[in-house]
Amino acid sequence: MQTSPAVEPQIGSFVLAGPTPPAEIVAALRKVDALDGLSDSDYLWLARNGVERKVGAGAMVFREGDPPFGMNILLAGEIHVRRNQSGSLSLFIARVGQLSGLLPFSRMKGYGGNGYSVGNAWSLDIPKEKFPEMLAAIPSMAQRCVWVLLNRVREVTRMEMQAEKLTALGKLAANLAHELNNPASAAQRSAASLFGELRQFGDQKQQLGAALAEAGQYQQYQDWARRTREKMAGYTSRAILPDNPLDLSDREDIFRAWLEAHGVPEPWSVAAVIAESPMTLANIDELATIVSPQALAISAAAFASSLRVERMAETVLNSTVRIFDLISAIKDYSYMDQAPIQEIDLAQSLDTTLTMFNSRLDHVLVERQYDPDLPLISAYGSELNQVWTELIANALDAMSLTPVSSGDGVPRGTLRLKTSQLGEMVTVEVWNDGPGIPPEVVTRIFEPFYTTKPPGQGLGLGLDSVTRIVNKHNGFVTVDSKPGGTCFQVRLPIERAQAY
């Protein structure tokens, strides 16, 4: 048995209490499923020609990118393999009875991640230099190794795709959390304030009724309130409700001065509400002429309180409508409770996907160029939405590389979505004005596991998923890129018979 440290590929500290007798190694090899059915002489050949290795718990067994030593037959313990860009996500777990490392016929150039032992690990490694000799001595090892290779590729690909989906789901959840947080917070604040405001408004209404009844001016006030609300509802000029905060502050000062001059208590509170409504000085001047000075203060405060209550209730209503719209968009996006194959309106599908990105569109100008006569297409709706999600996310990521303009309100970039019909195909284009894709990269962006993003921000499977989904629909996707303009074009057949 070879135990020379000169050929040790591992990095961790090793614990070797002396060579293990070949009989014990053979007994351990018989428990390896991939080797089941070998003869005694075959097991003995592996035991005599393998390099026995033992490593303590927590040791780094190999480093990502290092060239492989050979085939590893794990006899005890576990080895967890993690990629640097995947954080703590386990890419692969080598367990007792598995073949790992470099196998015959494998094109492996380096380890795909960092390997760490969990507990004490014991392996028998066959150096790659002995592969020809092993295949000659044990011919069945060729078929066994190919079988292991196929299973390994399938498993790693599945795990990578799952990680990519989880990453995409995490981004989607973050966008939705942001979108839901704003209306939910507004509704919560308004509902909390509404409770106290309603109590105050009730007290003011009682005081107002008593004051107006005593002066015999109740009907005059009711008529004024009705006329004022009708006028407020008919105002459309933006001159009444300025957009500029400074102009709004000036408008509030005018009302506060009027209220102070007429002896209304807490004029700042009443003025703030009136200034944000379409009321004018003429409206409250009219109020002053029809009620007594004693009733003016309470009537102005009560009317302002009613406006404040209505505004709070309107905020709660608008916020809940916004939340309902978001939930509806999520259902449309996922095609929840619907058959997998749908008649898809591409414009609606794109807009639904855009809703998921509202939190990232603050500095982006979105241009929609939808063909109004575009027919519906038969497709897997939820999967097509994954395509739009990936393409739009990539476009926004590209535009984030463009410097933000300095406080002038000019959008950072332009996102253009276009649909059109070309013969029996429909075309969807996702265009952005980012810096473009370098020519030496553009030919590789659809390759699995290829990414230009920093480590930890992408696994290189997004555009691969786009390609697979589009191919599933018998369509194709292309890209045209130059500085200041990148366009991904997706073509899909209209008729279901052509797609499936």
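A cavity is a set of grid points where a 1.4 Å probe fits but cannot get out. The views below show a predicted model.

**View 1. Lining of the second largest cavity.** The whole structure contains 2 cavities of 30 Å³ or more. The second largest cavity holds about 30 Å³ of space. Its lining consists of Trp 224, Ile 274, Met 279, Ile 284, Leu 287, Ser 299, Ala 300 and Phe 303. Helices α8 (281-290) and α9 (293-334) each supply at least two of the lining residues, and α9 gives the most, with 3 residues. By class, 7 of the lining residues are nonpolar and 1 is polar, with no charged residues.

**View 2. Strands β7 and β9.** Strand β7 (residues 341-344) runs antiparallel to β9, and 4 bridges join them. Gln 342 lies opposite Ala 379 of β9. In strand β9 (residues 377-380), Ile 377 and Ala 379 point one way, while Ser 378 and Tyr 380 point the other way; all are buried.

**View 3. An open sheet of 5 strands.** The strand order is β8-β10-β11-β13-β12, with mixed pairing. Because β8 (364-369) and β12 (476-482) each have a single partner strand, they stand at the edges, and one side of each has no neighbour in the sheet. Neighbouring strands are turned by 15° against each other on average, direction ignored.

View 4. Phe 476 has Arg 491 in β13 as its bridge partner.

How values were computed: Residues numbered from 1 in each chain as written. Predicted model: local features only at pLDDT ≥ 70, side-chain atom pairs only at ≥ 80, totals over all residues. Heavy atoms only, no water. 1 Å grid on protein atoms, 1.4 Å probe; cavity = no way out; pocket = protein on both sides within 12 Å on 5 of 7 lines; lining within 4 Å. Points joined across faces, edges and corners; volume = space filled by probe spheres on them. Nonpolar A, V, L, I, M, F, W, Y, C, P; charged D, E, K, R; others polar. Buried < 20%, exposed > 50% of the residue type's maximum accessible area, 1.4 Å probe, protein only. Pairing = 2+ DSSP bridges. Axes fitted to C-alpha atoms, helices over the stretch in contact; angles between N-to-C directions.
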